[in-house]
Amino acid sequence: MKLILQITLGVSLGIVLGGSLLSLYTGAFAEQLVSAALKTLPPPKSSSVDNLLPATLPPPIAPKPIEESIPAPPISTTPAPIAEINPVVKDPSVIAEEEDQKQMGIKFKASYKKPDKCLSPNQDHDLLVACGNEYIRARDKFEKLWQQGEFKK
């Protein structure tokens with residue numbers, strides 16, 4: 001784990017340093033290109049702004065008239081419904097099964113207690129797997145007892 005962290009930090013530092021050097025050299029290169037381009041341009045004949053404008057301006061574009069063929073929608077003072085609600089009617093047996101699963105989950109959470117060795121977070125992979133397996137076995141056992149009617153009211 002420590003080696004992976006060291007490698008990750010080294011790669012991250014390399015990326016940051018490489019990016020900053022690339023940015024520095026790219027900026028210097030761009031400045032050299034611009035200065036070289038400016039040296040090759042002929043100087044302006046006059047420093048007046050009038051020389052930069054074209055001699056004649058194009059005529060302005062006239063706006064097109066709005067067509068009256070599309071009628072405006074009527075203005076209503078009552079708000080229109082945003083969307084119609086179409087309730088999905090479920091089968092009563094599906095509803096009962098979903099409610100049963102929900103109640104089973106609530107009862108299992110109330111009855112299941114983690115062992116002491118599983119309470120604190122651990123880095124030990126074998127212990128994590130053992131705790132997960134124990135939880136799954138407890139849930140499976142609870143579901144079998146639930147199907148038999150042991151925990152139902």
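Colleague: What are the ground rules for the numbering and the model?
Modeller: Residues are numbered from 1 along each chain as its sequence is written, and side-chain values use heavy atoms, without hydrogens or water. The model is predicted, so local features need pLDDT of at least 70 and side-chain atom pairs pLDDT 80 or more, while totals for chains, interfaces and linings use all residues.

Colleague: How many helices and strands does the protein have, and what counts as one?
Modeller: There are three helices and zero strands. Both are DSSP runs numbered from the N terminus: helices are H or I with at least four residues, strands are E with at least two. The order from the N terminus is α-α-α.

Colleague: What makes cysteine 118 and cysteine 131 a disulfide?
Modeller: The definition asks for two cysteine sulfur atoms within 2.5 Å. Here the S to S distance is 1.8 Å, so the pair qualifies. The structure holds one disulfide. The link of cysteine 118 and cysteine 131 is left-handed, with -90 degrees about the S-S bond. Cysteine 118 sits in the loop between helix H2 (92–111) and helix H3 (125–147), and cysteine 131 in helix H3, 13 residues apart.

Colleague: Why is cysteine 118 called buried?
Modeller: Buried means under 20% relative accessible area, exposed over 50%, and partly exposed in between (1.4 Å probe, protein chains only). Cysteine 118 has 11%, so the label is buried. Cysteine 131, at 13%, also counts as buried. Buried residues make up 5% of the 153 residues in the protein.

Colleague: Why are phenylalanine 108 and tyrosine 112 called stacked?
Modeller: Rings of Phe, Tyr and Trp (its six-membered ring) pair if their centres lie within 6.5 Å; planes under 30 degrees apart are stacked, over 60 edge-to-face, the rest tilted. These centres are 5.4 Å apart and the planes lie at 20 degrees, so the pair is stacked. The structure holds five aromatic pairs. Ring pairs link Phe108, Tyr112, Tyr135, Phe142 and Trp146 into a cluster.

Colleague: What makes a nonpolar core, and which residues are in the largest one?
Modeller: A core is a set of buried Ala, Val, Leu, Ile, Met, Phe, Trp, Tyr and Cys residues joined through side-chain atoms within 4.5 Å. The largest has five residues: Met104, Phe108, Tyr112, Phe142 and Trp146. Phenylalanine 108 is buried at 7%, and tyrosine 112 is buried at 17%.

Colleague: How do you know that arginine 139 and glutamate 143 form a salt bridge?
Modeller: The rule wants a side-chain nitrogen of Lys or Arg within 4 Å of a carboxyl oxygen of Asp or Glu. The N to O distance is 3.9 Å, so the pair passes. The count comes to one salt bridge. Both residues lie in helix H3, four residues apart, about one turn of the helix. Arginine 139 is partly exposed at 32%, and glutamate 143 is partly exposed at 29%.

Colleague: Which residues form the nonpolar patch on the surface?
Modeller: Leu3, Ile7, Val11 and Ile15 do. Patch residues need over 30% relative accessible area and no salt bridge; nonpolar side chains (Val, Leu, Ile, Met, Phe, Trp, Tyr) are joined within 5 Å, like charges within 9 Å. Valine 11, in helix H1 (residues 2–40), is partly exposed at 48%. Together the four have about 410 Å² of accessible area, by the Shrake-Rupley method with a 1.4 Å probe.
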